[in-house]
Amino acid sequence: MTRHYSALSLVKEGLNNQKGWVRAWESRAPKPRYDVVIIGGGGHGLATAYYLARTHGITNVAVIEKGWLGGGNTGRNTTVVRSNYFFPESVRLYDMALKLYEGLSRELNYNIMLSQRGMISLAHTPAEMEMSARVVNAMQINGTDAELFGPEDVRRVLPIYNFSDKARYPALGGVWQGRSGTARHDAVAWGYARAASRLGVDILQQCEVQDFLIEGGRCRGVVTSRGTIRADRVGMAVAGHSSQMAARAGFRLPVVSYALQACVSEPVKPVLDTIVLSPGAGTYASQSDKGEMVVGGGLDRIPSYGQRGNLPVLETVLSGLVEMFPAFRQLRLMRQWAGIVDVVPDSSPILGESPLPGLFLNCGWGTGGFKAIPAGGTLLAHLLATGTHHDISRPFDLDRFATGRLIDEAAGSGIAH
Amino acid sequence: MQIFSCPFCGPRPEYEFHFGGDLGNHRPEGPEVSAEVWAQYLHFRNNPKGASEEIWLHMTCGEIFALQRDTLTMEAAPGQALTAAEGRP
């Protein structure tokens with residue numbers, strides 16, 4: 001039997017006709033009671049289960065997923081990881097995630113294919129250059145890596161960019177974060193699932209949470225399509241469906257759900273070895289290891305639960321792309337899709353105990369949940385294990401909407417979500 | 001392209017419209033409004049999956065109106081003037 005993944009085990013199983021591999025995670029029947037139940041088998045939910053078991057030694061844990069693992073936004077994002085935010089609270093949070101990502105393949109013994117190829121957020125006007133300098137200063141003061149790029153630097157990292165005098169989006173420079181990169185999104189979910197399962201966590205797929213078990217004003221478990229499951233504490237990490245889950249628990253959230261689209265082109269030879277974001281054009285792109293251009297942009301304008309997306313935003317995104325990279329006009333698109341993201345007024349996540357005691361929230365990541373998975377998991381696990389905030393999650397509590405202490409990253413870093 | 005129907009201008013393309021939140025989310029009145037009530041008014045939303053009653057702004061004519069639509073199928077009924085939707089004169 002081969003559990004550990006390594007070059008040696010590949011050779012061994014190659015000689016053994018691949019017959020000795022064990023399943024990456026176990027499929028067990030639900031138990032009637034757990035110490036902790038986590039709703040949502042995406043990256044955040046699975047990471048929470050893993051850190052509960054590894055960091056806090058709590059292994060009597062179930063992750064409940066209505067579909068299949070990583071089938072929601074974890075499998076629909078454009079795989080970018082970065083920490084180029086403005087406010088100190090945000091940088092601490094996203095840099096925690098990025099640092100954990102940097103060691104994750106080794107820690108999970110699962111290749112998440114992290115490729116820290118760097119990301120350039122382009123500035124097309126003198127005003128945008130001044131904003132870029134402001135963001136770079138903030139990032140450096142907050143202790144993460146950032147560099148202010150000028151036109152020559154852009155020419156160096158993006159040789160195929162449209163540098164013509166008549167370009168609609170001239171590249172004056174921008175914000176460079178060299179540690180930004182991409183990671184294989186499915187592998188992040190599968191790696192956490194495998195590691196959590198090995199530590200004793202139950203992963204229950206095709207199991208839908210229909211209601212909460214509330215006794216004495218406290219959440220005592222969940223009613224699912226596979227029976228009632230009791231738990232001392234319940235965590236939820238269900239992204240775009242957070243408001244639905246909250247309604248079952250009897251409260252509302254400051255969340256509106258929108259479709260966020262992405263698309264990929266046919267695969268081509270390597271031409272783009274960084275991630276490029278243009279807030280001005282409303283487009284970002286990177287090239288996957290298979291050679292496809294992975295392209296995304298801003299939110300659709302109409303609140304939606306339909307995982308399809310709409311044409312006007314796609315048109316904006318693609319017209320920006322071909323204007324910046326005229327060579328890409330020849331590319332044909334292979335696939336287009338959308339994920340439902342939970343957008344919060346200040347574009348920062350919500351972490352903490354919900355208005356229903358015993359139920360803990362991990363939501364509101366909007367368009368940026370994937371990059372935060374290791375931090376979201378660590379912090380929700382801390383909340384579920386101790387019942388109190390980690391220093392890094394405290395500013396992101398739901399109470400900030402009543403106290404007015406918002407962390408407005410849409411205004412701060414200009415990241416459109 | 002989604003087509004919404006402004007009660008004053010008729011069917012128009014989606015990019016002329018801006019989402020304005022839940023229908024019936026009225027500003028709290030009175031001298032003493034708690035921070036929690038303000039937060040509910042300013043930030044908290046119903047965000048239903050399926051049938052939804054909303055406020056929209058038609059940016060080109062500047063009118064605010066009520067819209068009933070389905071957030072999953074994206075079907076939308078014709079917009080209604082706010083006075084009619086809320087039963088006011």
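Predicted model: local features only at pLDDT ≥ 70, side-chain atom pairs only at ≥ 80, totals over all residues.
In chain A, 24 residues of domain 1 are in contact with 26 residues of domain 2, where contact is taken to mean that the C-beta atoms of two residues, placed from the backbone, lie within 7 Å. Residues are numbered from 1 along each chain as its sequence is written, and chains are lettered from A and ligands numbered from 1 in the order in which they are written.

Back to the two domains. Domain 1 of chain A is made up of 7–110 + 184–254 + 346–412, and domain 2 of 119–179 + 257–343, with bounds that come from an automatic or database domain assignment. Their C-alpha centres lie 28 Å apart. On the side of domain 1 that touches domain 2, the elements giving two or more residues are helix H3 (88–102) and helix H8 (242–249) of chain A, and H3(A) supplies the largest share, 4 residues. Helices here are DSSP runs of H or I with at least four residues, strands are runs of E with at least two, and both are numbered from the N terminus.

Next, a helix pair. The axes of H2 (residues 43–56) and H10 (residues 373–386) of chain A come within 7 Å and cross at roughly 55°; axes are lines fitted to C-alpha atoms, for helices over the stretch in contact, and angles run from 0 to 180 degrees between N-to-C directions. H2(A) is therefore oblique to H10(A), given that angles under 35 degrees count as roughly parallel, over 145 as roughly antiparallel, 65 to 115 as roughly perpendicular and the rest as oblique. Among the residues that meet are Tyr50(A) and Tyr51(A) in H2(A), and Leu380(A) and Leu384(A) in H10(A). By class, this contact has 10 nonpolar, 8 polar and no charged residues.

Finally, the two chains: their contact takes 18 residues from chain B and 21 residues from chain A. On the chain B side, helix H1 (residues 35–42) gives the most, with 3 residues, and that side has 8 nonpolar, 6 polar and 4 charged residues.

Terms used. Nonpolar A, V, L, I, M, F, W, Y, C, P; charged D, E, K, R; others polar.
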